[in-house]
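Subject: Structure for your review

Dear colleague,

Please find below the sequence and structure that I am handing over to you. My findings follow directly after it, and I would be grateful if you read them with the structure open.

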Amino acid sequence: MREAENRLERFNSDRTRLLSEVERRVVARRVAESKAGGDASLEYVLNDVAYCEIRRLEASKSNGIERWRDLSRRLLGMSDDDKREEIRGLVRHYGKDVVGNFDPRVYKFATGIGPSLLGFLFSPTANIKEGMNTLRHLDARIHADGETEIARTCAERGTLIVTPTHSSNMDSPAIGLGLTRAGLPPTTYGAGKNLFSNPFISFFMRNLGAYRVDRRLKFELYKDVLKEYSTVLLEHGYHSLFFPGGTRCRSNIIEKNLKLGLLGTSVTAYKNSVREGAPHKRLYILPVTINYRLVLEAETLIDDYLAEVGKSRYIITDDEFSRVGRIVEFFRKILAHEGSVVVRFGRPLDPFGNDITDDGESIDRAGRIVDPASFVRGADGEVTDDDQRDAEYTRALGRRLAAAYPKLTVLHSTHLVARAVFDGICQNAGTRDIYRLLRAPSGHLEVPVPTVLAGIDRLRARLVENPAFGAEHPLHTAQSAADKLETGVHGLSTYHTRAAVLRASEMITVQDLKLLYYYQNRTAHIPAIPLGDRS
């Protein structure tokens, strides 16, 4: 595994060469497309940049708009050479804005001393002795399991593309620690540029391989730079991480409608390697779920999800993650519990969605070993460029990931309790429609404890019968339903600014229906039992 880690340690010395390659490819492709005619002229590319930036800056009332208005005015008088150099300058600028950094010293701190220091500083215990106990047992706070052995084999043989679910801005540090716990190498990864506004988290992100993705930039040239940067990283053997769901999932439902943009660079990178005579440079896609007992930004995310159609925000900049105090509370109250975060690794796939053997060979549906290079070669054995074919490969890969995520889901007591209580209030109200429930009188928001306990038992039995639905937390399978209820209610009532539920004697009362809905949504892939049939 040391060799796998060394790949990222050499990143800084490679950075200039990587950026030069990105610039060369993007400019050459745009010039070639311009010569081919159609809507891909250099003037069209530059006009798209200027138009999108003028609209963005006008809407945000930000500075810098004159630079793009000036470009728009100059376009008609520019020669082809001028346009090409303008594009080259833009690609170089955005490449430098995107590119990440890796500091081995920060990595050593973050994966060694750092977690222990955080565990001590953020310990909810009041005395040194108990604080030191939390420090010693911090490893128990983030639990990593699953197909880790075959993942390590693939990391040694080729390049990993880690593809986790995305629930929180805490996912990046969580998956980073999860990879370390699993004995897997660090990765490069794209992170929203807005996240770098948090000074504490951004220090680590800037120095641990994160590259900046500015989701405000909508023009095609910027997307070209991002995709080419990702492709070049993979071709040079840098393990990478993509969130196929795109931004954080607002609803907490396991992602199924994946955004495949950067994921498609896996096919392109492998095709380029085969063309260069290196088909042995294998790429492996590793599905992962990150499963939180409680989610830092749950209140903001569910409010945004339930907002009126067209009113939700694509980029949230003022949520709990933007406030250092809330992050401190996250560590103090959430990470104080054993196994508060479970990172579960699935079985790797090849870039075409094929399963693989334990030693990393691709196999078809019949279990026969296949050569992945054959998927990018034509009948004559030569590598062919076929955008439609490659897009279908990526869609097939996306379907395999979407199918894997529910099986890899780990349900905490907070999810089981939220689902059992939600089922109870739906039974009371005669509907599962969240908007109707929010408008309904408050009388239906109480559920007897025996009903909740029975609901928890039913859910646990269904998980055992249907492994495709996921599994309970591996450390807590021996808990009774009563213990599940106690720990679940405690979690749902003590962290967020408003309790989701409270228990009063033999009754569970819903205090914040939206928060309850958010946590029960983690079980949304488990079909509901028809109303009226609870036997």
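A residue is called buried here if its relative accessible area is under 20%, exposed if over 50%, and partly exposed in between. Please bear in mind that this is a predicted model.

**Helix 18**

With those cut-offs, the buried residues of helix 18 are Val-449, Val-452, Gly-455, Ile-456, Leu-459, Arg-460, Arg-462 and Leu-463. They lie on the same side of helix 18, because the arc they cover around the axis is only 160°. Pro-450, Val-464 and Glu-465, on the other side of helix 18, are exposed.

**Salt bridges**

Side chains of opposite charge can pair when their charged atoms come close. Across the whole structure, the search finds 47 salt bridges. Three of them are described here.

In the pair formed by Glu-228 and Arg-25, the closest N and O atoms are 3.1 Å apart. Glu-228 and Arg-25 are both buried. Both also take part in a network of salt bridges that links Glu-21, Arg-24, Arg-25, Arg-29, Glu-228 and Glu-235.

Arg-67 forms a salt bridge with Glu-86, with 3.4 Å between the closest N and O atoms. Since Arg-67 is in helix 4 (residues 65-74) and Glu-86 in helix 5 (residues 80-98), the pair ties together parts that are 19 residues apart in sequence. The two partners fall into separate classes of accessibility: Arg-67, at 38% relative accessibility, counts as partly exposed, whereas Glu-86, at 15%, counts as buried. Arg-67 has a further contact, for it lies over the face of Trp-68, at 4.3 Å from the ring centre.

Glu-361 and Arg-157 meet through their side chains in a salt bridge of 2.9 Å, N to O. Glu-361 is located in the loop between strand 8 (355-356) and strand 9 (362-363), and Arg-157 in helix 8 (residues 148-157), so the pair ties together parts that are 204 residues apart in sequence. Arg-157 has a relative accessible area of 33% and is therefore partly exposed.

**Aromatic contacts**

The search of the whole structure finds eleven aromatic pairs. One of them joins Tyr-94 and Tyr-222 edge-to-face, at 5.6 Å centre to centre and with 80° between the planes. This pair links distant parts of the chain, with Tyr-94 in helix 5 and Tyr-222 in helix 11, 128 residues apart. Both Tyr-94 and Tyr-222 are buried.

Tyr-211 and Tyr-229 form another edge-to-face aromatic pair, at 5.0 Å centre to centre and with 80° between the planes. Here Tyr-211 lies in strand 4 (residues 210-213) and Tyr-229 in helix 11, 18 residues apart. Tyr-211 and Tyr-229 are likewise buried.

A charge over a ring is found at Tyr-238, where the charged end of Arg-10 sits 5.3 Å from the ring centre.

How many residues of strand 3 (residues 188-192) are buried? Five of its five residues are. Both faces are covered: Thr-188, Gly-190 and Gly-192 are buried on one side, and Tyr-189 and Ala-191 on the other.

Strand 3 pairs in the parallel sense with strand 5 (residues 240-241), over two bridges, and Tyr-189 has Leu-241 of strand 5 as its bridge partner. Strand 3 also pairs in the parallel sense with strand 4, over four bridges. In that pairing, the bridge partner of Gly-192 is Val-213 of strand 4.

With kind regards

Definitions and conventions:
Residues are numbered from 1 along each chain as its sequence is written. This is a predicted model: local features need pLDDT of at least 70, side-chain atom pairs count only at pLDDT 80 or more; totals for chains, interfaces and linings use all residues. Side-chain values use heavy atoms; hydrogens and water are left out. Buried means under 20% relative accessible area, exposed over 50%, partly exposed in between (1.4 Å probe, protein chains only). The arc is that of the directions from the helix axis to the C-beta atoms. A salt bridge is a side-chain nitrogen of Lys or Arg within 4 Å of a carboxyl oxygen of Asp or Glu. Rings of Phe, Tyr and Trp (its six-membered ring) pair if their centres lie within 6.5 Å; planes under 30 degrees apart count as stacked, over 60 as edge-to-face and the rest as tilted. A charge sits over a ring if NZ of Lys or CZ of Arg is within 6 Å of the ring centre and within 35 degrees of the ring normal. Two strands pair if DSSP finds at least two bridges between them.
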